[in-house]
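The sequence and the structure are shown first.

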Amino acid sequence: MKQPVLTTERLTLRSFNPADASTVQELAGNYNVSKSTLNIPYPYENGMAEEWISTHLEDWNSKTRLVYAITLTGTGQLIGAISLHDIDE
């Protein structure tokens, strides 16, 4: 089953795709972003974004985690992420 897309006037929550990796690398690689989280390592090394994104589909299918890319509805610009853990139907 495909992960649903959630849309408001301002934001769209969608699944990540491989094309998002460079933006994830840029955002997660910012020290000011990583220092305010529990699970983003610093430095955020090359390849980490691709590896992280590659885990999302399996986690969604197994109902262990749901990860959304947060984008601006008007432009599609990726501005962040949110995840739910230990999800169940």
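How many aromatic pairs does the count come to? By the rule that rings of Phe, Tyr and Trp (its six-membered ring) pair if their centres lie within 6.5 Å, the count is 2 aromatic pairs.

## Basis of the model

This is a predicted model, in which local features need pLDDT of at least 70, side-chain atom pairs count only at pLDDT 80 or more, and totals for chains, interfaces and linings use all residues. Residues are numbered from 1 along each chain as its sequence is written, and side-chain values use heavy atoms, with hydrogens and water left out.

## Phe 16 and Trp 52

The ring centres of Phe 16 and Trp 52 are 4.9 Å apart and the planes stand at 70°, so this pair is edge-to-face (planes over 60 degrees apart; under 30 is stacked and the rest tilted). Phe 16 belongs to the loop between strand E2 (11-14) and helix H1 (21-28), whereas Trp 52 is in helix H3 (residues 48-54); the pair thus links distant parts of the chain, 36 residues apart. Helices (H or I, at least four residues) and strands (E, at least two) are DSSP runs, numbered from the N terminus.

Phe 16 counts as buried because its relative accessibility is 10%, while Trp 52, at 26%, counts as partly exposed. Buried means under 20% relative accessible area, exposed over 50%, and partly exposed in between (1.4 Å probe, protein chains only).

## Tyr 31 and Tyr 42

With centres 5.2 Å apart and planes at 75°, the rings of Tyr 31 and Tyr 42 also form an edge-to-face pair. Tyr 31 lies in helix H2 (residues 31-34) and Tyr 42 in the loop between H2 and H3, so the pair ties together parts that are 11 residues apart in sequence. Tyr 31 is partly exposed at 46% relative accessibility, and Tyr 42 is partly exposed at 47%.
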